[in-house]
Amino acid sequence: MSDLKAPIAVRCTPELVYNYAAGRYGSLFLQGLKEGRILASRCRRCARTLVPPRLACTGCFGAMEDAVELEPRGELLAFTLVAFPFLDPFTGIQRPIPYCYGMVRFAGADNTFQYFLSEKDPAKLRVGQPVRAVFRAAAERVGEMADLLYFEPGIGG
Amino acid sequence: MQPVAILGAAQTRHVARRDDACYSELAFEVVAALLAETGFTHPRIDTVITVSSDFSDGRTISDMAVQDAVGAAGKSSSKVSMDGAFALAYAAARLTCGRYRTCLVVAHAKASEGRPREISRAAFDPFFERPLGPTDHVALGLQARRFLARGTVTREAVALAAARALAYANGNPNAHWRGALSSREIQLGPPVADPLHRFEVAPDSDGACALLLADLDTARAHAAARGVPVIRLDAVACATDRHGLGDRDLGLPGVLPQVARAAYAQAGITDPVREIDVAEVYDASAVQTLLWREGVGLPVDLLAGPAWNPSGGALCAQPGFATGLVRVAEVWRRLAAGEGRTGLAHGMTGFVGQAHCVGILRRA
Ligand SMILES: [Zn+2]
């Protein structure tokens with residue numbers, strides 16, 4: 001073979017579309033958001049409470065059978081800044097960056113829930129800070145993740 | 001190989017779409033059923049192998065999302081991203097190394113969530129093939145032409161194999177497709193992958209399957225305690241062929257004859273026609289229903305030798321990479337029920353059978 005003088009590459013744009021089923025538990029959570037409620041699953045065997053709700057308990061690996069409602073407030077356990085541009089998978093539109101992404105422990109939950117924060121400056125946030133969930137206006141809620149707008153700093157502990 | 005045993009098998013019903021369960025919940029469903037059936041609990045599972053396709057799940061490292069559902073936290077778990085039958089070889093290796101006594105194998109697929117044709121197209125060479133529009137179905141059509149051109153079977157025989165699969169599936173509560181159609185009706189049906197028509201090409205299904213394997217001592221103790229037979233895995237063999245469609249003769253069974261010979265040698269089988277009672281193969285098309293018979297050394301006549309895809313085969317339910325594991329589960333179920341002593345289970349990966357895997361199961 002003669003020496004390669006001009007290597008060639010081709011640009012390829014695959015179109016991959018997915019139609020995910022939220023399933024019984026995911027659908028329950030989204031329906032809860034439509035009603036302005038945060039729903040979790042609770043395990044009868046080990047009493048673990050997980051949000052979002054799911055079938056498999058992370059404690060005993062049994063089926064989580066009960067749904068419970070959590071107060072829409074909690075404690076900010078971690079946060080960081082998202083500055084990487086990406087297309088929102090639900091809208092196909094780029095989400096404005098940068099923004100803060102946080103992990104919130106709802107009172108009564110055994111795990112933490114990840115979501116957007118209203119605050120755009122991480123310097124104004126602290127671990128352990130109380131936060132509360134802010135929903136869309138009731139008439140605008142449709143049963144999707146975006147019904148939950150963000151967590152904003154809450155009052156008191 | 002040192003024999004191991006299969007203690008139990010569970011599968012979901014295979015359907016076009018499961019809206020009530022996400023993919024990890026499908027995996028949970030079969031694991032819960034398998035544990036209930038065998039009386040095992042999570043602490044008695046030593047190691048876990050999950051089977052999934054990232055492309056199909058639309059999720060990178062798709063296996064990690066099922067770890068909670070299969071109870072793998074804190075255990076050594078690994079993944080097979082090929083047809084589930086190949087996980088048999090992996091599970092057997094893990095058990096025979098002596099470190100683990102039990103191994104859970106779980107495969108899931110939700111064909112309804114992605115676009116199987118688009119996903120299959122992405123496996124083709126990006127320069128020379130992908131712009132042409134090849135898919136798994138296109139490959140099946142090309143294979144069918146090559147197979148029919150050999151003149152060993154008629155076009156009618158292919159349609160008959162499809163009709164027979166649908167009829168068998170009437171007795172399979174988990175089948176996605178079942179029905180009573182004549183070979184003529186099938187040939188008049190909508191074309192899917194010329195020259196193949198609807199029902200001659202396997203459906204795209206949502207479903208899952210799980211097996212519990214163990215070393216022979218554990219299996220014997222389990223069998224004695226529960227009054228069930230020991231079903232051994234006496235052999236498992238696999239091999240991969242050249243990749244390109246143009247680098248193989250698609251009308252021939254490829255590396256399958258060599259894989260079958262290796263499995264027969266391990267299991268001490270000298271006359272497969274007489275010695276095998278039941279066989280389940282991954283037939284993505286009705287051509288493969290016939291071609292894989294030739295591959296495992298059986299006569300073309302579907303009535304000679306073992307019961308051949310008595311579940312209806314992949315032609316009646318094709319839950320992605322779970323399809324080959326379902327073949328193993330079907331053979332296991334029949335041997336456990338006393339419908340024969342020796343069974344053959346087959347899986348494949350890659351277009352029109354680039355890689356094949358054959359397992360031999362025996363009721364002790
Ligand atoms: Zn639990």
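Four donors count as tetrahedral if all angles lie between 85 and 135 degrees, whereas four count as square planar and six as octahedral if opposite donors are over 155 degrees apart and all others between 65 and 115, and anything else is irregular. I began with the zinc ion, whose site is tetrahedral, with angles of 97 to 124 degrees among its 4 donor atoms.

Before going on, I noted that this is a predicted model, in which local features need pLDDT of at least 70 and side-chain atom pairs count only at pLDDT 80 or more, while totals for chains, interfaces and linings use all residues. Residues are numbered from 1 along each chain as its sequence is written, chains are lettered from A and ligands numbered from 1 in the order in which they are written, and side-chain values use heavy atoms, with hydrogens and water left out.

**Zinc site, chain A**

I looked up the donors (N, O and S atoms within 2.8 Å of the metal, or 3.2 Å for Na, K and Ca; water is not among the atoms, so sites may look incomplete). The zinc ion is held by the SG atoms of A:Cys43, A:Cys46, A:Cys57 and A:Cys60, at 2.3 to 2.4 Å. Along the sequence these donor residues follow the spacing C-x2-C-x10-C-x2-C. A:Cys43 sits in the loop between β1 (38-42) and β2 (49-50) of chain A, and A:Cys57 in the loop between β2 and β3 (66-70) of chain A, so the pair ties together parts that are 14 residues apart in sequence. Here strands (E, at least two residues) and helices (H or I, at least four) are DSSP runs, numbered from the N terminus.

I then checked burial, where buried means under 20% relative accessible area, exposed over 50%, and partly exposed in between (1.4 Å probe, protein chains only). A:Cys43 counts as buried at 3% relative accessibility, and A:Cys57 counts as buried at 0%.

**Sheet of chain A**

Strands of a sheet pair through backbone hydrogen bonds, either parallel or antiparallel; two strands are taken to pair if DSSP finds at least two bridges between them. In chain A I found an open sheet of 3 strands in the order β2-β1-β3, with antiparallel pairing. Its edges are β2 and β3 of chain A, each with a single partner strand, so one side of each is left without a neighbour in the sheet. Between β1(A) and β2(A) there are 2 bridges, and between β1(A) and β3(A) there are 5. A:Arg42 faces A:Thr49 in β2(A) and also stands opposite A:Asp66 in β3(A). In the hairpin of β1(A) and β2(A), with 6 residues between the strands, I noted that A:Ala47 has a positive phi near 65 degrees. Of the 5 residues of β1(A), 4 are buried, so this strand is largely enclosed by the rest of the structure.

**Chain B**

The C-alpha trace of chain B spans about 55 × 45 × 35 Å along its principal axes, and 60% of its 364 residues count as buried. With contact meaning heavy atoms within 4.5 Å, residues 24 or more positions apart account for 77% of the contacts in chain B with a separation of 6 or more.

The open sheet of chain B has 10 strands in the order β3-β2-β4-β7-β1-β8-β12-β11-β9-β10, and its pairing is mixed. Its edge strands are β3 (76-80) and β10 (307-308) of chain B, each of which pairs on one side only.

I followed β8 (residues 231-240) of chain B, which pairs with β1 (residues 4-11) of chain B in the antiparallel sense over 2 bridges. B:Ala5 stands opposite B:Arg232 in β8(B), and B:Val4 has B:Leu233 as its bridge partner there. Towards β12(B), 9 bridges join β8(B) in an antiparallel pairing, with B:Arg232 opposite B:Arg362.
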